[in-house]
Each structure stands twice: as C-alpha cells, then as structure tokens.
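Welcome, and please take a moment to look over the sequence and the 3D view. The briefing below then walks through the main features by topic.

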Amino acid sequence: MACPVCGCISFHVKNPEDQFDVSVFELREGSLQPVEPDDQCTVDENTELYCQRCAWHGKPAEL
C-alpha cells in the first residue's frame with residue numbers, strides 16, 4: 001500500500017472545520033497510523049487523503 005502515483009507512504013487529512021489544520025498519517029504495517037501519537041484524528045473509508053509528495057488525493061480504498 002502506497003500512493004498510486006508516486007509510491008509515497010505519507011498522507012495528510014484536512015480538518016473539515018478548518019482546511020488549514022491537517023493531521024499527518026503514514027502507512028505502517030498495512031494501516032494508516034498518525035505521525036503524532038496524541039493526534040485524535042481518525043481515518044475511515046470515506047476520509048479524503050492527500051499525498052504528502054505529489055498531487056494525488058482519494059479514499060483509503062484506492063491505496
């Protein structure tokens with residue numbers, strides 16, 4: 001599992017309340033894990049992910 005365009009394993013999720021507030025996740029052991037241990041943001045099948053390296057964005061099922 002990685003970005004389908006560039007192979008990156010790092011993604012961010014935008015806060016729906018504030019587009020400039022983001023949470024960063026990495027693919028580890030087959031699942032998305034928050035980079036900051038105290039981050040309370042969660043990812044589900046409807047969450048829009050944004051690649052940290054290229055312009056790809058999409059749902060977790062597309063990884």
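This is a predicted model: local features need pLDDT of at least 70, side-chain atom pairs count only at pLDDT 80 or more; totals for chains, interfaces and linings use all residues.

Residues are numbered from 1 along each chain as its sequence is written, and side-chain values use heavy atoms, with hydrogens and water left out.

**The sheet**

- Five strands make an open sheet in the order 3-2-1-4-5, with antiparallel pairing. Strands (E, at least two residues) and helices (H or I, at least four) are DSSP runs, numbered from the N terminus, and two strands pair if DSSP finds at least two bridges between them.
- The edges of this sheet are strand 3 (31-34) and strand 5, each of which pairs on one side only.
- Strand 1 and strand 4 pair in the antiparallel sense over two bridges, and H12 has Y50 in strand 4 as its bridge partner.
- Strand 2 (residues 18-28) pairs with strand 3 in the antiparallel sense over four bridges. Here L27 has L32 in strand 3 as its bridge partner.

**The hairpin turn**

- Strand 2 and strand 3 form a hairpin with two residues between them.
- E29 belongs to the loop between these strands and has a positive phi of about 55° although it is not a glycine. For context, most residues other than glycine have a negative phi.
- Is E29 buried or exposed? E29 is exposed, with a relative accessible area of 85%. The terms work like this: buried means under 20% relative accessible area, exposed over 50%, and partly exposed in between (1.4 Å probe, protein chains only).

**The nonpolar core**

- The largest nonpolar core has 10 residues: C3, C8, F11, V13, F25, L27, L32, L49, C51 and W56. Such a core is a set of buried Ala, Val, Leu, Ile, Met, Phe, Trp, Tyr and Cys residues joined through side-chain atoms within 4.5 Å.
- Strand 1, strand 2 and strand 4 are the elements that give two or more residues to this core.
- L49 is located in strand 4 and is buried, with a relative accessible area of 0%. Not counting residues up to four places away in sequence, L49 touches several residues, including F11, V13, L32, V43, W56 and L63; contact means heavy atoms within 4.5 Å.
- L49 and F25 are 24 residues apart in sequence and 9.1 Å apart in space, C-alpha to C-alpha.
- L32 touches F11, F25, E26, L27, V43 and L49, again leaving out residues up to four places away in sequence.

**A buried serine**

- S10, in strand 1, is buried, with a relative accessible area of 14%.
- Setting aside neighbours within four places in sequence, S10 is in contact with V24, F25, E26, Y50, C51 and Q52.

**The aromatic pair**

- How many aromatic pairs are there? The count comes to one, under the rule that rings of Phe, Tyr and Trp (its six-membered ring) pair if their centres lie within 6.5 Å, with planes under 30 degrees apart counted as stacked, over 60 as edge-to-face and the rest as tilted.
- F11 and W56 make up this edge-to-face pair, at 6.0 Å centre to centre and with 75° between the planes.
- F11 lies in strand 1 (residues 10-15) and W56 in the loop between strand 4 (49-51) and strand 5 (57-58), so the pair ties together parts that are 45 residues apart in sequence.
- F11 is buried at a relative accessible area of 0%, and W56 is buried at 11%.

**Salt bridges**

- There are two salt bridges, each being a side-chain nitrogen of Lys or Arg within 4 Å of a carboxyl oxygen of Asp or Glu.
- R28 and E26 meet in a salt bridge (3.6 Å, N to O). R28 is partly exposed at 35% relative accessible area, and E26 is partly exposed at 28%.
- K59 forms a salt bridge with E48, and the closest N and O atoms are 3.4 Å apart. K59 lies in the segment after strand 5 and E48 in the loop between strand 3 and strand 4, so this pair ties together parts that are 11 residues apart in sequence.
- K59 is partly exposed, with a relative accessible area of 29%, and E48 is partly exposed, with 25%.
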